[in-house]
Amino acid sequence: MPIAINVNDKSHVIYAEPSTPLLYILRNELALHGPRFGCGLGQCGACTVHVDGRPTFSCILPLAAVGERKITTLEGLLEDGKPNKLQQAFIDEQAAQCGYCISGMVMRGQALLRANPSPTDSEIRNYMRPNLCRCGTHAAILRAIKRAATGQEKRS
Amino acid sequence: MNGRFAPSRRDLLQGAGACVVAFSLAEAAGGATAQDLPPSKSVALDQVDAFLAIDDKGMVTIYAGKVDLGTGVRTGLTQIAADELDVPMASVEVIQGDTALTPDQGPTYGSLSIQNGGVQIRQAAATARAALLDQAAARLGVAPGDLTVANGVITAKSGNGVFTYAELIGGKHFDLKVNPAAPTKNPADYKIVGKPIERLDIPGKLTGEFTYIQDFRVPGMLHGRVVRPPAIGARLESVDESSIENVPGIVKIVRDGNFLGVVALSEWSAVRAAREIVTTWSKSETLPEQGKLWEHVRTTKILKDDVTSNIGDAPSVIAGEGKKLSATYDFAIQTHGSIGPSCAVSAFRGGKLISWSASQATHNLRKQLALMFSLPLDDVRCVYVDGSGCYGRNGHEDAAADAALLAKAVGEPVRVQWSRADEHGWDPKGPPTLIDLRANIDASDTVTAWESEFFIPQGAADDVDLVAATLADLPAEHLLSPGGIINDSAIGYKFANIRTICHRLERTPFRASWIRTPGRMQNTFANECFLDEIAAAVNADPLEFRVNYTDPADKRGLDVLDHLARLAKWETRPSPQKPITGNLVKGRGCSYVKYELVRTYIGAVAEVEVDRATGEIRVSKFYVVHDCGQIVNPKGVKAQIEGCVIQTVSRALKEELTFDRSMVTSLDWASYPILTFPEVPEIEIELIDRPTEKLWGAGEPTAALIPSSISNAVFDATGVRLRSVPFKRGKVKAALQSASEMDRR
């Protein structure tokens, strides 16, 4: 049974088991590799995408439950094919080591900045709590979100 | 976007930069020329051609046996090669860890990628540069000293004559041995080395364009999943194939001894099949009771003793007159905990195997796979593709063996993605470490003797058996390989009598391997805490105490301690702080080591807050002073240090594998929690750059100091010594309570 979904402002018709988690559709059917498989349990945030703007674990969201809601992935944040302000802030702060978690970090950070354009340090920390990083890039990620929030120019 | 990450033929060969590899390559796995692409590429460690090539456009390719595990090594190696060759970084690309193309520089572990791998590449580049200068000089009829090089262009100082590298060597082999005496640049002349260059891979990681092994696809590829036993050592008794009849697109159920896997057309079908298949297994209870782990370790048969230092006669002095101190420390079993579970793709055609994975050691994996499948080495090619960070030997190699076994069974390329439970349950573990320490102090408060005993498994940083080979009972080496875990059991402090001994145990509860800072972290935890115990016993300031027992000739070591005191605004006084009042108390602790006693110097200070009512520790701040000699990329080094601090605060405060008699029970992030954003400390780092010194590793040394710094800070805050990692809340609360009961008595 074909299922229509809207991803990064494009409509797609998907032929897959309705129980398939959205993550597998994004990665395997639509070749969007921003969202990543980390646990399949909604525990780590590597798969985070926006569903109608809200950060959501795509690894536990069945295809059949997406409906007409708009999905945005890391790729959908690009502006004219270039990193948006937050993505650029991550680059400027070198906020990735292995980078496997980074897509999820950007998606959650972006959702925070949309809801709260000038978060305090502790607001950033608390909001980012569900997303795990193993390389210990947290400090750089916090700096990146702060930089995007304050519109700081790139340091030399 | 970095243009060099657009797919090129080289990228396709390697698999980085393109998500679908041309079908011809997967085909080539079975073809006659599969194992030697390009046909005459040397991988011999003594050949310049093994390490680098310059094409007819002047583009330089570096062939690195060391791989970028997310640490920035690709960028560091590019800096080193570009600077030594006098070409812009944009003219250099790096191919990593392809057994057909790259020399075997050893596994990517031990903070050796720059220290060893980079130095080898630097020497090959220096040899190449000198050869090109000689060639240009001969053709111009001048001395090499009359030439200058910039941007890959050799120019005669007289102005008469210009050659590009491309004109001289473009597309041809050097056919030249690496000359160990070829002069490398004067450090003062480096233009790229030492600069805070931004990492080449990061932009692609922020846009979704970067290809991880988890993203890697080959045409015709099927999806595999493994079904692991519910107990280590259990035998597969039955498989009810009809139980997954309703899962669409199942290609095959693969059973080989106790190995079970499923292959399906779609990934979700493979996931469902692995979850839903009904199996029965024999009961197996091979593990000790977790509550009696340390008795188990202490009573495990000792195969041999490694005496790692023996100065004077420590046992007699300790038995003699004086104030005696003794303590036992332990460090829990931990897991690598990669955020992306292990993944690999294999194609098995025409009897030949090609394996793509994020292996730290593709040359070793190649040998292991050849042994497992009884293939000649030449019929196996292993190619590195970046993965989720592994922090040691995690499950990447095992996933490669799983994929190969399934690919062989179905005759098509197969991708195996481990589940979270596969990763937490079946990646090899950092073994439990138990340490006894003793010291003697004379009447003038001088330490006269230090003695330590480490109860740690036998073996070195060798191959770790592949799970699939074990389950399917295929040929394997049957080695116990926990890593170089005797390192840093010896100490660098100047005591008159020292004896440090490692009791090498016959076995350890779980398949072992190295996790970031293997042994060095556990051993340094015990050493640097026990040293702090001695300092407290003689009422000395802990940092000053370290200075006093450091060899006065060791200027770099003393420098680190001096800078550390200033960076952390260290207040000179003994620990613990006084008076200790109220529930919420603060303290600071320091730690110091010269890594493995021979390389990178590090000093650290932790500041903590302890809630004495709950036992909760908050690490609020870390200061680190770091001297790794010549710094290739200060931005990269700082990122590694930050990573060491944060990851190890997690390991020290929270991480402990749990298990029952059959199997690991901490199979997800709820049962094996790691540090979250609110718990991350502030970090201040000072790098001491020594451009004229040897370059040493930076990937893991800092991690060695984190548990001891925290424990020492908790002692400073509370007067209670934590001797068991992790410092979980319940355990800390119990230690605080038992100390206060002692006080009342």
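Q: How many residues of domain 1 of chain A are in contact with domain 2 of chain A?
A: Two residues are in contact if their C-beta atoms, placed from the backbone, lie within 7 Å. In chain A, 14 residues of domain 1 are in contact with 12 residues of domain 2. This is a predicted model, in which local features need pLDDT of at least 70 and side-chain atom pairs count only at pLDDT 80 or more, while totals for chains, interfaces and linings use all residues. Residues are numbered from 1 along each chain as its sequence is written, and chains are lettered from A and ligands numbered from 1 in the order in which they are written.

Q: Where do the two domains of chain A lie, and how far apart are their C-alpha centres?
A: Domain bounds come from an automatic or database domain assignment. In chain A, domain 1 covers 2-74 and domain 2 covers 85-150. Their C-alpha centres lie 21 Å apart.

Q: Which strands supply the side of domain 1 of chain A that touches domain 2 of chain A?
A: Strands (E, at least two residues) and helices (H or I, at least four) are DSSP runs, numbered from the N terminus. Strand 3 (48-51) and strand 4 (54-57) of chain A each supply at least two residues of this side of domain 1. The largest share, 3 residues, comes from strand 3 of chain A.

Q: What classes of residue make up that side of domain 1 of chain A?
A: Ala, Val, Leu, Ile, Met, Phe, Trp, Tyr, Cys and Pro count as nonpolar, Asp, Glu, Lys and Arg as charged, and the others, Gly among them, as polar. The side of domain 1 of chain A that touches domain 2 of chain A has 7 nonpolar, 5 polar and 2 charged residues.

Q: Which residues of helix 2 of chain A meet helix 3 of chain A?
A: From helix 2 of chain A, Leu86(A), Gln87(A) and Phe90(A) take part. Their partners in helix 3 of chain A are Ile102(A), Val106(A), Gly109(A), Gln110(A) and Leu113(A). The residues of this contact comprise 5 nonpolar, 3 polar and no charged.

Q: How many residues does each chain give to the contact between chain A and chain B, and which elements of chain A take part?
A: Chain A gives 47 residues and chain B gives 45 residues. On the side of chain A, two or more residues come from each of helix 1 (22-29), helix 2, helix 3, helix 4 (121-128) and helix 5 (138-150). By class, that side of chain A has 25 nonpolar, 16 polar and 6 charged residues.

Q: What are the domains of chain B?
A: Chain B is divided into domain 1 (31-206), domain 2 (214-283 + 339-426) and domain 3 (433-744). The C-alpha centres of domain 1 and domain 2 of chain B lie 36 Å apart.
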